[in-house]
Amino acid sequence: MSAPRVALVGARRARQGLGPFVARDLDAAGIEIRAVIGTSAASASSAALELAERFAIRARPHASLDALLANESIDALVILSPAETHERFLRAALDARLHVLCEKPLLFGNGDLARTGGELADAFRARALLLEENCQWPRVLGAFRALHPAWDGRARASFSMLLAPVGQGVDALRDSLSHPLSLLQALCPDADPRLEAIGFERVSDTPATLRVRFRYCTSHARVSCSVDLLADAPLPRPASLAIDGLRAERRIRLPEYRMELADGARAVPLPDPLTQHLAVFAASLRAVLAGARPPDPAPIARRLELLSSLVDAFPDARKHCPI
């Protein structure tokens with residue numbers, strides 16, 4: 001079987017994007033990066049040049065998806081453009097019967113995002129198309145278990161996380177909260193989780209930190225959750241999580257960019273979660289192209305619904321938490 005062929009939308013590093021690193025890891029996982037799509041011929045050429053110079057990936061540039069589809073044969077579209085553009089590319093991929101890897105969140109902007117996300121997930125399922133969201137934090141749980149060998153793989157009472165998004169306010173929620181939600185879906189498997197007791201508070205002014213509080217409820221668990229969003233953090237950005245009192249800080253060793261999870265003096269290696277996640281996507285894409293049924297995208301739609309409920313609750317608290 002030949003290598004799956006993909007095109008990337010948003011392959012440049014602009015706006016803190018992951019485009020070049022996603023291309024690098026997909027290439028390493030045996031995916032052919034056939035093309036890149038930009039907002040113009042110039043931006044597409046710039047993205048293609050960056051991939052060639054940094055990673056020796058020879059992708060042909062196109063100024064639009066229509067131009068690409070008229071000239072290339074691809075199996076999947078990787079959507080890494082700003083969240084407000086995702087719906088347009090998702091619908092175009094459906095029309096062209098392309099499998100999709102989409103940066104989180106799946107959708108963002110005006111309208112009923114939960115309803116639209118559910119409709120899109122249903123459409124991908126009906127066409128037997130793979131739909132995956134780029135939420136890599138569940139890939140950390142293997143290292144978490146290595147750090148805490150007695151842990152049973154579940155969250156039962158409490159969960160917390162610290163992240164340092166680039167944006168502020170609603171942008172910080174949009175760019176960050178898919179991470180804890182995807183972790184909670186992995187820790188508390190359930191088809192219909194819901195959130196209760198949503199609240200926000202500013203817990204620090206130096207540096208500015210917004211805390212998002214909620215209860216994650218399933219048929220078997222009621223987990224008290226808090227997510228601290230730290231503004232204006234230096235690189236490498238801090239991140240940590242705690243599950244039922246077991247803690248882990250992600251540490252990044254420079255200049256080699258080697259990651260580990262640590263609890264005080266104890267530490268274990270952390271294989272790059274993005275690299276792991278993209279390797280799983282590559283394997284899923286190969287399996288689907290060989291005739292396997294794609295995984296159900298319903299958890300992605302449900303995650304978007306939960307994210308929307310958090311974002312929708314935020315404006316009432318914004319005047320009290322101006323981060």
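The model is predicted.

**Entry 1: helix α9**

I began with α9, which runs over residues 273-289. I checked its length against its end-to-end distance. At 1.5 Å a residue, the 17 residues should span 24 Å, and the end C-alpha atoms are 24 Å apart, so the two agree.

Next I looked at how α9 starts. Asp 272 caps the N-terminal end of the helix. A side-chain oxygen of Asp 272 sits 2.9 Å from the backbone nitrogen of Leu 274.

Then I looked past the other end.

Which residues of α9 are buried? I listed Pro 273, Leu 274, His 277, Leu 278, Phe 281, Ala 282, Leu 285 and Val 288. I also looked up what covers them. The cover includes the strands β1 (5-9), β4 (76-79), β5 (99-103), β6 (131-134) and β13 (258-263). Helix α1 (19-28) is part of the cover too.

**Entry 2: two histidines**

The side chain of His 277 makes a polar contact with the side chain of Arg 139, at 3.2 Å. Setting aside residues up to four places away in sequence, His 277 touches Glu 132, Glu 133, Asn 134, Cys 135, Gln 136 and Arg 139.

I then turned to His 148. This residue lies in a loop, between α6 (141-147) and β7 (158-163). Is His 148 buried or exposed? The relative accessible area is 7%, and the cut-off for buried is under 20%, so His 148 is buried. Beyond its neighbours within four places in sequence, His 148 is in contact with Leu 246, Arg 247, Asp 263 and Arg 266.

**Entry 3: α4 against α5**

I compared the axes of α4 (residues 86-96) and α5 (residues 113-126). They come within 11 Å and cross at roughly 20 degrees. Angles under 35 degrees count as roughly parallel, so α4 and α5 are roughly parallel to each other. I noted the hand of the crossing as well: α4 passes α5 in a left-handed crossing.

Which residues make the contact? From α4 I wrote down Glu 87, Leu 90, Arg 91 and Leu 94. From α5 I wrote down Thr 116, Glu 119, Leu 120, Ala 123 and Phe 124.

**Entry 4: cis peptide bonds**

The peptide bond from Lys 104 to Pro 105 is cis, with omega near -10 degrees. Pro 105 is in the loop between β5 and α5. The peptide bond from Leu 254 to Pro 255 is also cis, with omega near 10 degrees. I placed Pro 255 in the loop between β12 (246-253) and β13.

**Entry 5: positive phi away from glycine**

I looked up Arg 97, which is not a glycine but has a positive phi, near 55 degrees. Arg 97 sits in the loop between α4 and β5. Its relative accessible area is 53%, and exposed means over 50%, so Arg 97 is exposed.

Asp 232 also has a positive phi without being a glycine, here near 60 degrees. I found Asp 232 in the loop between β10 (222-230) and β11 (239-243). Asp 232 counts as exposed, at 66% relative accessibility.

Technical notes. Residues numbered from 1 in each chain as written. Predicted model: local features only at pLDDT ≥ 70, side-chain atom pairs only at ≥ 80, totals over all residues. Heavy atoms only, no water. Helix = DSSP H or I, 4+ residues; strand = E, 2+ residues; numbered from the N terminus. Expected span 1.5 Å × (residues − 1). Buried < 20%, exposed > 50% of the residue type's maximum accessible area, 1.4 Å probe, protein only. Contact = heavy atoms within 4.5 Å. Polar contact = N/O pair within 3.5 Å; in protein donor to acceptor, adjacent residues only side chain to side chain. Axes fitted to C-alpha atoms, helices over the stretch in contact; angles between N-to-C directions. Parallel < 35°, antiparallel > 145°, perpendicular 65-115°, else oblique. Left-handed = near helix turned anticlockwise from the far one by under 90°.
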